[in-house]
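Me: I would like to learn how to read the surface features of a structure. Please take them one at a time, with the general idea before the case.

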Amino acid sequence: MYPTRTYMNELLTRMDHVFERMRLISRTRSLKREEMEEIDHHLTEIMRILNRYN
């Protein structure tokens, strides 16, 4: 099991990778509506969890 800080850094790195992939894809092609809705769903779930700490 990762120490907490290492795990947090891993999550942030992955989130950064997602952000960069979305930027690249938005410049080179478009996603299908269903794909965008699926991504939106997952992002909404992530935000719901993060908002617990406000």
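Reply: Start with exposure: a residue is buried under 20% relative accessible area, exposed over 50%, and partly exposed in between. Keep in mind that this is a predicted model.

Me: Is Glu 20 buried, exposed or partly exposed?

Reply: Glu 20 has 37% relative accessibility, so this residue counts as partly exposed. Arg 23 is also partly exposed, because its relative accessibility is 37%.

Me: What joins the side chains of Glu 20 and Arg 23?

Reply: The general idea is that side chains of opposite charge can pair when their charged atoms come close. A salt bridge needs a side-chain nitrogen of Lys or Arg within 4 Å of a carboxyl oxygen of Asp or Glu. Here Glu 20 and Arg 23 form a salt bridge, with 3.8 Å from N to O. The two residues are 3 apart in helix 1, so about one helical turn separates them.

Me: How many salt bridges does the structure hold?

Reply: There are 3. One of them links Glu 37 to Arg 33, with the closest N and O atoms 3.1 Å apart. Both residues belong to helix 2 and sit 4 residues apart, about one turn of the helix. Arg 33 counts as exposed because its relative accessibility is 62%, whereas Glu 37, at 43%, is partly exposed.

Another salt bridge joins the side chains of Glu 45 and Arg 48, at 2.9 Å from N to O. This pair is 3 residues apart in helix 2, again about one helical turn. Glu 45 is partly exposed at 31% relative accessibility, and Arg 48 is partly exposed at 43%.

Me: Which residues form the nonpolar patch on the surface?

Reply: To join a patch, a residue needs over 30% relative accessible area and no salt bridge. The nonpolar patch here includes Tyr 7, Met 8, Leu 11, Leu 43 and Leu 50, and its members together have about 820 Å² of accessible area. Helix 1 (4–28) and helix 2 (33–50) each give two or more residues, and the largest share, 5 residues, comes from helix 1. Leu 50 lies in helix 2 and counts as partly exposed because its relative accessibility is 44%.

Me: What lines the largest pocket?

Reply: A residue lines a pocket if it has an atom within 4 Å of a pocket point. The largest pocket holds about 740 Å³ of space. Of its 21 lining residues, Arg 14, Met 15, Val 18, Leu 43 and Ile 46 are the closest to the centre. Helix 1 gives the most to this lining, 11 residues. By type, the lining has 15 nonpolar, 2 polar and 4 charged residues.

Terms used:
Residues numbered from 1 in each chain as written. Predicted model: local features only at pLDDT ≥ 70, side-chain atom pairs only at ≥ 80, totals over all residues. Heavy atoms only, no water. Patch = residues over 30% accessible without salt bridge, like charges linked within 9 Å, V, L, I, M, F, W, Y side chains within 5 Å. Areas by Shrake-Rupley, 256 points an atom, 1.4 Å probe, with all protein chains shown as cover. Buried < 20%, exposed > 50% of the residue type's maximum accessible area, 1.4 Å probe, protein only. 1 Å grid on protein atoms, 1.4 Å probe; cavity = no way out; pocket = protein on both sides within 12 Å on 5 of 7 lines; lining within 4 Å. Points joined across faces, edges and corners; volume = space filled by probe spheres on them. Nonpolar A, V, L, I, M, F, W, Y, C, P; charged D, E, K, R; others polar.
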